[in-house]
Amino acid sequence: MSNAEWEVVIGLEVHVQLHTRAKVFASAPWGFGQEPNEQVDPVVLGLPGTLPVVNREAVEKAILFGLVVGAEIPAQCAWDRKNYFYPDNPKNYQLTQKDFPVTMGGKVEIELPGASRNVQGEHKFIRLHHAHLEEDVGKLSHSGSGSLVDYNRAGVPLLEIVSEPDLRSAAEAAAFLNALVMMLTQAGVADCDMEKGQLRCDANVSIRRRGETKLGTRSETKNLNSISGVRDCIIYETARQVRELEAGRAIVQETRGWNAENGRGYVLRDKEDAHDYRYFPDPDIPTLKISRETVQRLQKQVPESPYARQQRYIEKLNVPYTAASVLIAQSDLAQWFEVAVAAHPSNAAGIANLVVNDLLRELSASSGAAEGADIAKVSLASCRIQPAHLAALVKLTDEGTISKQQAKEVFTEMFQSGQSPVQIVESKGLKQNSDTGELEKIIQEVIADPSVAKSIAEYRAGNEKAINALKGPIMKRTQGKANPVLIDQLLRKALG
Amino acid sequence: MAQELYQLSATEISQRLAKGELTSRALVEALMKRYHALNKKVGAFTHLDEADVLAQADASDARRKAGKTLGPLDGIPVGIKDNIAVKGQPLTCSSKMLAPLVSPYDAHVIESLRAAGAILYGRLNMDEFAMGSSTENSAVQKTFNPWDLARIPGGSSGGSAAALSAGLVPLALGSDTGGSIRQPASHCGIIGLKPTYGLISRYGLVAFASSLDQIGPMARTIDDCVLLLNALASPDARDMTCFNKNHRQQLPEVAAKSLRIGVPKGVLGKGVGAEVAAATQAAIDFYKSQGCTIIEVDLPSSDLAVPTYYVVATAEASSNLARYDGVRYGHRSANAKTPIEMMTNSRSEGFGPEVKRRILLGTFVLSAGYADAYYVRALRARSKIRAEHLAALEKVDMLLTPTVPTPAFKAGEKISDPLQLYLEDIFTIPANLAGLPALSVPCGKSGHLPVGFHLVGAPLSENKLLAAARLFEAAHGFANQLPTL
């Protein structure tokens with residue numbers, strides 16, 4: 001296979017469970033980890049005579065998503081019935097929005113991987129076709145003695161986000177999903193916990209010769225439930241299609257499944273077996289009008305987009321790219337960081353480094369998270385350090401009141417006790433010794449010691465580094481409290 | 001001759017209860033006695049929990065004694081069509097498919113009736129899933145017309161109409177998708193109202209065709225009909241198609257001179273029985289004699305109504321009835337190895353032939369390649385029919401036609417000819433397609449069989465229709481007539 005020769009074209013359909021209290025058409029609540037069939041009511045079970053009632057909260061979350069991605073919010077949306085028989089589908093039709101979705105268009109900014117971890121990659125916009133609301137179905141499981149159905153998931157509000165075929169690699173698809181997750185979670189639209197099945201994805205993949213403008217025949221792989229699964233599946237599917245075409249065979253339009261365990265795709269059904277869903281407008285739910293007042297109210301809830309925030313941190317606050325990228329992944333972390341920066345605006349980079357390296361590491365360790373767990377997902381809820389205190393710590397270091405070494409010690413204490421750094425420095429007597437007279441006296445004693453005569457000679461002969469050998473004994477005599485900057489100044493003066 | 005309790009109208013019962021001349025217990029005991037004597041013959045009720053009825057009656061009497069009566073319906077029995085959910089009672093839609101089902105919840109109208117103190121009195125037979133015009137499609141039992149037990153009572157609310165005209169119950173609930181309240185009302189000589197779409201919550205009404213279905217009151221007098229209607233029409237957030245304002249009816253005194261009644265061109269012509277035409281003409285002449293203006297109206301798309309209806313209604317039904325698969329409730333096939341086989345076999349075994357016919361038809365008209373030719377065109381025709389009716393109803397207060405072209409036919413006569421049977425609804429269907437209120441009022445006989453005329457009004461003009469009907473009722477002897485059984 002030759003990548004230079006073939007171009008892959010990918011469109012994603014992302015199904016996201018919305019963060020709502022109640023189900024999309026019923027008052028039953030939903031959540032993870034309940035006993036089977038506990039989160040049901042007559043409407044969820046589709047008992048005879050029950051009717052759906054649209055949950056306004058779900059519609060508003062969907063509109064908010066639309067505003068986050070700059071989509072058009074049409075003046076009205078409507079529901080259709082998608083008819084198919086399956087035991088996990090309580091009514092044997094699914095309520096969805098076929099012709100009048102809640103949002104139209106919009107785009108998602110993505111960041112491609114850079115040349116290395118510390119280097120920012122290219123940014124690109126992926127267009128969305130639309131996003132529509134629908135209801136989730138239950139879960140069917142098979143055991144030796146029969147089949148069991150759990151309807152807890154049935155009726156959970158789903159937003160299906162449909163991209164244009166703008167993605168050109170598995171990495172772009174992964175970047176798209178990463179960006180989408182950041183936008184959805186930061187706006188409070190969805191939690192996107194993939195381990196709980198809150199984000200699932202269908203991937204439409206086709207290939208064509210580079211330079212060709214016509215799209216190739218696509219396959220659709222259903223129900224991918226992790227970003228790595230999407231990436232692996234696209235790599236696999238691209239290779240498969242290239243193999244087929246290079247062997248002179250045609251690509252068949254088909255629906256496929258993905259086995260994450262063995263990393264292979266398989267055919268679910270071909271075009272001839274495609275379902276006829278017999279869509280028609282749901283007569284139980286009147287067309288829903290969306291007022292401009294509602295849109296304006298929701299517009300106020302749209303947060304700064306993750307990559308706009310990243311750019312601001314890098315350009316306005318001089319935060320390094322890697323730290324900025326960690327900060328933007330979680331809005332409460334970014335907000336925490338910004339509160340700290342407000343208390344000590346002159347060194348946002350120092351604050352960022354402390355947050356991203358020390359704070360997240362400690363939080364991760366103390367939360368018992370497994371090694372290698374995504375550090376950006378650590379909760380700040382248990383954090384005892386206040387942002388202003390962290391800022392004060394950086395300030396104390398910047399002003400030379402404590403050394404970097406001391407700062408580490410203070411940070412550990414802050415993390416454990418929640419005390420302010422000023423308090424800790426005082427109570428532990430950690431303040432740097434900046435008493436010039438006392439230091440000059442110690443320096444005289446040290447340089448008078450014959451054991452350092454060689455280093456002094458070397459320094460005087462022009463070896464700059466030789467001076468460091470003198471600093472150790474000075475530090476030792478002050479129990480590490482000496483201000484290193486001051487030591488350096490005074491020592492040079494003493495050595496002439 | 002002293003009137004028997006079963007002959008009393010609900011309004012008369014209400015007055016006697018209020019005066020302390022009658023207890024609810026005495027009333028229901030008399031009705032249950034009649035039930036035991038006649039229900040086998042008429043076949044109206046499919047279920048009656050007598051202990052529960054007595055307990056409800058006693059509770060009502062106790063309320064009255066304590067001065068805490070809940071209103072004019074308190075203590076009065078209301079028969080319930082078997083497609084309206086009552087907590088703890090069977091909800092079978094006269095289908096084998098739902099034979100084992102007991103409803104775990106109350107329909108909105110049932111909550112309303114309970115709040116009004118009405119006695120929920122038994123389950124009434126119907127065509128399976130409300131699909132039919134003779135109640136012969138019931139998988140449970142046959143229902144016969146009390147005026148002639150060799151004949152059908154009409155349908156699908158045949159049990160409700162037969163129970164009223166047999167004196168088994170003073171009030172009943174029906175549901176109407178294409179005429180299922182009005183056609184049996186006409187055949188059994190009682191009043192049947194299909195309200196404006198959205199006036200009464202459908203929450204708890206087993207759906208046949210959601211955009212057409214309405215629950216409505218059935219009674220033997222106009223006053224009784226109003227009494228029941230006012231208990232049913234209230235806002236309900238659980239049905240998004242239900243009006244969210246209260247539309248209780250206060251019947252105005254209609255000045256006959258101000259009424260403009262439209263009669264569609266050629267309505268008493270082809271296909272309408274001579275005696276039906278004569279009785280309808282007599283009703284028209286009556287209104288004319290009272291000073292009403294009779295205006296001929298043109299509804300050119302009326303011919304499209306029946307085919308449009310059978311596309312829209314079956315399309316919705318094919319989807320609405322998909323949920324009956326034996327997985328969660330209802331009939332489950334014992335002969336299946338896989339879940340899909342179980343669903344398939346449960347449906348094949350559970351549904352009767354007419355229901356299957358309509359599911360197949362509805363599935364066909366929605367399927368890829370055919371939806372545009374059938375379903376989409378039907379929606380266009382429906383809009384046209386609605387627009388024509390609304391335009392006509394700007395010029396007149398109501399339209400008057402026969403309710404059904406011919407009187408009740410003999411049991412078994414049309415069972416093998418569904419197309420002929422579908423024409424029973426030719427006058428009633430447009431009101432469902434257009435969402436308009438419509439009323440059937442007894443207006444005479446064809447031989448020994450009752451005949452009704454049909455009034456259709458603009459949305460939410462129930463009060464006007466009922467007032468006009470009361471004008472007719474007051475001048476004639478058709479109200480609260482019971483055949484000798």
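Predicted model: local features only at pLDDT ≥ 70, side-chain atom pairs only at ≥ 80, totals over all residues.
**Notebook: domains and the chain contact**

Residues are numbered from 1 along each chain as its sequence is written, and chains are lettered from A and ligands numbered from 1 in the order in which they are written.

**Domains of chain A**

I noted the division of chain A into domain 1 (6-298), domain 2 (306-428) and domain 3 (436-495); such bounds come from an automatic or database domain assignment.

I then checked where domain 1 of chain A meets domain 2 of chain A: domain 1 puts in 10 residues and domain 2 puts in 7 residues. Two residues are in contact if their C-beta atoms, placed from the backbone, lie within 7 Å.

On the domain 1 side, strand 6 (107-111) and helix 2 (170-186) of chain A each give two or more residues. Helix 2 of chain A gives the most, with 4 residues. Helices (H or I, at least four residues) and strands (E, at least two) are DSSP runs, numbered from the N terminus.

**Chain B against chain A**

I found 33 residues from chain B and 25 residues from chain A in this contact. On the chain B side, helix 9 (305-320), helix 10 (339-350) and helix 11 (353-366) give two or more residues. Helix 9 of chain B gives the most, with 3 residues.
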